[in-house]
Amino acid sequence: MIYTGKSTVYNKHPSRFWCRDLEAFRKFRTKLHFFSTSVSVFHLPRMFSWFPLDDLYQQYIGKVKHAIFHAQKAGRRRVVVATEENVIASLDLRRGELFWRHVLGENDSVDQIDIALGKYVITLSSGSILRTWNLPDGQMVWESFLQVSASSMSLFFVPASIEVGTDQQIFVSAGGCLHAVSSIDGEVIWKREFTDSLEIQKLFQTPYGDITAIGFSSSSQIDIYQLSAKNGDILVHKSASFPGGFSREASFVSGDVFVTLDATRYILVLVNLNGGEIRFHQTHISDLAEGYSGTAAILPQKFTGMFALELDSLIMLMKVESGRDLEIIEKIPHPASISDSLFLANGQQAFAMVKHEETNNILKESINLDSQRGSVQKVFLNNYVKTDKSHGFRALVVMEDHSLLLVQQGEIVWSREDGLASIIASTTSELPVEKGVSVAKVEHSIFEWIKGHLLKVKGTLMLANAEDLAAIQRMRLKSFEKTKMTRDHNGFRKLLVVLTRAGKVLALHTGDGRIVWSLLLSPLHSSDSCQHLIPVDIYQWQVPHHHAMDENPSVLVISRCGLHSDAPGVISIVDSYSGKVFSSSKLSHSVLQVMPLPLTDSTEQRLHIIIDDNKKAHLYPRTPESINIFRPELPNTYWYSVEAVKGAIKGYSFRGNCIDTDEDDYCFDTRELWSIIFPSDSEKITGATTRKYNEVRFIIVHIQNMLFVATVSPRAAGNIGSATPEEAYLVVYLIDAVTGRIIHRVTHLGAQGPIHAVVSENWVVYHYFNLRAHKYEMSVVEVNDQSRQDNKSIWKLLLGKHNLTSPVSAFSQPEVTVKSQSYFFTHSVKTMAVTSTAKGITSKQLLIGTIGDQVLALDKRYLDPRRTPDPSPSEREEGIIPLTDSLPIIPQSYVTHSLQVEGLRGIATMPAKLESTSLVFAYGVDLFFTRVAPSRTYDSLTEDFSYALLLITIVVLVASIFVTWALSEKKELEEKWR
Amino acid sequence: MRRSRGSPAVGRRLALLVVLSLHLMLSSAFQSDELIQDDEEFGLEGGRIPDREISTPVRAAPRVKTSGDVSSPTDAKSVQITLEHAFGDSDFSPAGIFTARLKSSNHGGQTLTKLRFRRDALTDLEKKAFERILRNDDFYTIRLPSNVLNPPGREYVISSVRARCLPRESLDEHFVINMEGVNILSVTYGSTRMCQYPRLLEYPTKWVFNSRTVLKSGELAQRRPTFAEEVLAAESAEGEGVKPPEKSFWAKYWMYLIPLGLIVMNAITQAMNLPEEPAAGQTASQTQQQGAQRAPSAATRRR
């Protein structure tokens, strides 16, 4: 049989579908062997163009921190934003869609953005990298690296008079230097270094073309420099010191007047630079606000002739008259956010202010916000001319959950759920079981069902005309099946429950990526005096499948009430189907580690142990039943902690109830059982990982709790290249986490981190850099238990004469054999994961998040330590590939196809119900969800398999059997008569 | 019991002689051993050492470590590492001494060799404590300093085992000491044999330790020599680089041979049946035809 129809190399999906079909056909081929004419139909190449139907890909940008509206009169309205995920993006103001987007590197945070000449976006990032982008298409025009010695506050200034074509300059203050950069090619024209650590606060151009830089050079001194724009010569230098010192935050009221605070933040200092002198005017804050004794802060927003002073619960807008007199314009209690001011044509200025209850501004618009978005964090205001020639305003609002809204005319025009760009943890939940389904209910009527199938048959038999084809395609697109809120047979449809950095829990449907529900955690704990709610992790709390089927599954969200690790924890239990909070409470202890136990109570709530920073264990849920379940298991429960800073790994067991706390049955003391102390002068822990707690294993592994730890020489702890091959080494440990036994310890000389590792079954794969070979390397270590070696005979297994089910104590320490092998690998790696399937029988694939933000699937077979240059026939039969120097990268095995999951941070895998298939969720700034079948889908037909055609074939076959039988009977009778 | 410490009146040499002779006579006096693996690579030397040889350093060496004690003409110095133990939640108390030679290698590193171990006998109090942890199925914990030269180093390295795993006739113990130069990374402590679960309560017949010690240092990663890239190139794009192994004739052509055999058999039966019993032959061939899944298409009616 000949299979034609090769797809292009990079477009992987068509080939995958094709392969899947082939697999199904291969199986059928054996059954329909003799009926070759009908089978030949299957070999015809597919007629429709396929595209990824089962993949989910969503693009986000993250929490917006700078926004510039494009003030073009005609053309598409757009806003350029820079975000905390280091993304620069241009958004459509009408719909909120992305025009273009650039994800800068992880450490390349954007300091300032601006639009020049109406068509260039200028960004300053990392304090020293100036880039210019073309606004319409986002192409980079030039990029300029400024040489700075020290990182400090940096800002740039684009003269307003800049014109197209002329070689104007952009002035950048970075690292105590002032640079003039050509606007045409980004070349540095001149550079002026300032003595003593001058921190420039403001740059502006005088009407005569000179550049004025104002800054603080020490805690109590103000410096003003006037420089020539042509060559950077200092024309005028003035300085004045203020005895009280400065708080180093300044707001410029006008070109020559600015306000700042003294070092104690009790006195407002007005600095007047008019007339070539520096004059200070001091005003006590208590004089401005009667009876106020706290400190104040100056808001960084830009106003003209005014500034905003923030007191405890109050923002005061103050006007500066004649360079020295202060006048309070407005006292605004409890505002949430305030925007920069905008100049309007007739000399007025406007700014937006968002409050949550009431506002008495001139233009008052109130909008109804979803309570799950939290409070407003930032506002950016933009104006437009209405049809009646009056001013209209639109505001870009950044919410507490990092979502972005555009508000105009009192309505939310569009919103973007950009909190999803910063997922920190994810879990999955099954969808509800469909009750009482019938064919008639799923499809509208039986007639339509038949019609649909007939169409499919027609399509397969190449009898369909263009109209039919369009109908088939439409059916497939609508694919009602995919987005249903019920469980499917194969377990492909799930709810992804994710936790974002903003402290929001969202449930995404894997079919189309829609948000089923969302929940912001911080309002739940506003009464608990919880200032900073830091989300930590999310776990499956209740997964009903045997008992308690009528209860909804739920997830456990762990967060911390404060910035430090010893802050008290907060746990919330949330219904996976509705997002309803079952319970939420602030704990009396901190959360250092959370251990889901392999135990569930009668309602299928999983027992969890939370370890606090005093090494005490707390059992959840706090019910007498859970205590009764946990007590018998107490002596057999162990835990470990990796103390990377101290260079130690310690193992613990549980003792009785806590002694010092009174009468807490759910608190347990722990006792140190073992410890591994790394010598601080020669080894530094860089990575530790272990198996996923819920991994299903088919093979029986003696070392149940294998912990992988990697240490590097302290000198080689930095980036690649920071150490010579002679002084760099990497030591890898495999540790039994129950007894602390070092199972394997191997040193890679001349190797350096970063180390990425994945532990599964009895093996570990890790990735590092080989300084000697100047290549990345991946090594595999497999641990095999000798005591189970004699179980190889299948007869022993069949007759039950094996010791596989007998309980084994981790303290017996059997001999283990360890095999390892290293291979070169081309890519640098961001993250690694391994596929997981329902029963763990299917062979595994490593999922490698490459530096190009793609996910590469690599068969574990390539990382087999038994690979030899010339495997024996029996080894080949086992699927052992001849040894090669490096691991192959097969372009078709990118599971992300041609897409990029920008800012890839993590890959989560979960089993589908179908053994062959594993679900993959890759997240970073973007989200990507797909399913992979490491050994192809051997246990299922494709989704679009035509059952009708199969039925018809069978009917035809049966009919032909009867016909031929009748014919042969007849013929035989004739022969007998002869 | 074992030592003549309790006889202060007797001189040292005399005591030594007494001890030696006692040991020669009552070999069960005190059980202190040496590593049994004579693996020079692990820095071990000799097998199980007779008791008398051990007892000498016991007497000579004070409990405190003497690191400056140059005891050989080369630049190797002897070090002593104190083993401490704890029963369940009790505090740590001294339990024995490891003695070893510190050898300086050419490139500055230092390694331990010739490790010997002397275990103190259990006192009555300790015996009781041990019985208690056996009853409670509690942990027996040992610890060593993490640095050999200036103990305890940064911290102690600890290891524990369920007490019920230890008793056989005597108390079997097995130390694996993971070294990194002069630092002890970790010690793995356990029984020499399998530890069954559920653990049964049994008391040892002899309250002595039967010790084995292995000193382990890290190994270097080996890399196979570079191979020609042709091997990789030879692989197909799908990565199925496994060349089909040479198959036997039968393995290759069974699917053709079986139908052929059936046809031949069919033909033979027909040929045999035809001359004798034409009617019977017909029915036979008919049933066979259906049974053989229409594979022998040659068995058409030629009768």
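**Chain B and its contact with chain A**

B:D138 and A:R671 are joined by a salt bridge whose closest N and O atoms lie 2.7 Å apart; a salt bridge is counted when a side-chain nitrogen of Lys or Arg is within 4 Å of a carboxyl oxygen of Asp or Glu. The model is predicted, with local features requiring pLDDT of at least 70 and side-chain atom pairs counted only at pLDDT 80 or more, whereas totals for chains, interfaces and linings use all residues. Residues are numbered from 1 along each chain as its sequence is written, chains are lettered from A and ligands numbered from 1 in the order in which they are written, and side-chain values use heavy atoms, with hydrogens and water left out.

Between chain B and chain A, the count of salt bridges is five. Residue pairs in polar contact between these chains, with both residues at pLDDT 80 or more, number 14; a polar contact is a pair of N or O atoms within 3.5 Å, where within protein one must be able to donate a hydrogen and the other to accept it, and residues adjacent in sequence count only if both atoms are side-chain atoms. Elements of chain B that each supply at least two residues to the side touching chain A include β4 (139-145), β6 (171-180), β7 (183-190) and α6 (278-291). Helices (H or I, at least four residues) and strands (E, at least two) are DSSP runs numbered from the N terminus. The contact (heavy atoms within 4.5 Å) takes 58 residues from chain B and 69 residues from chain A. Together the two chains bury about 5,300 Å², 48% of it on carbon and sulfur atoms; buried area is the accessible area (1.4 Å probe) that two parts lose on being put together, summed over both.

Chain B contains six helices and nine strands. Of its 303 residues, 37% count as buried, that is, under 20% relative accessible area, with exposed over 50% and partly exposed in between (1.4 Å probe, protein chains only). Among contacts in chain B between residues at least 6 apart in sequence, 61% join residues at least 24 apart.

B:D120 is located in the loop between β3 (110-119) and α3 (124-136) of chain B. B:D120 counts as buried because its relative accessibility is 12%. The side chain of B:D120 makes a polar contact with that of B:R118 (2.6 Å). B:D120 and B:C195, 75 residues apart in sequence, are separated by 24 Å in space, C-alpha to C-alpha.
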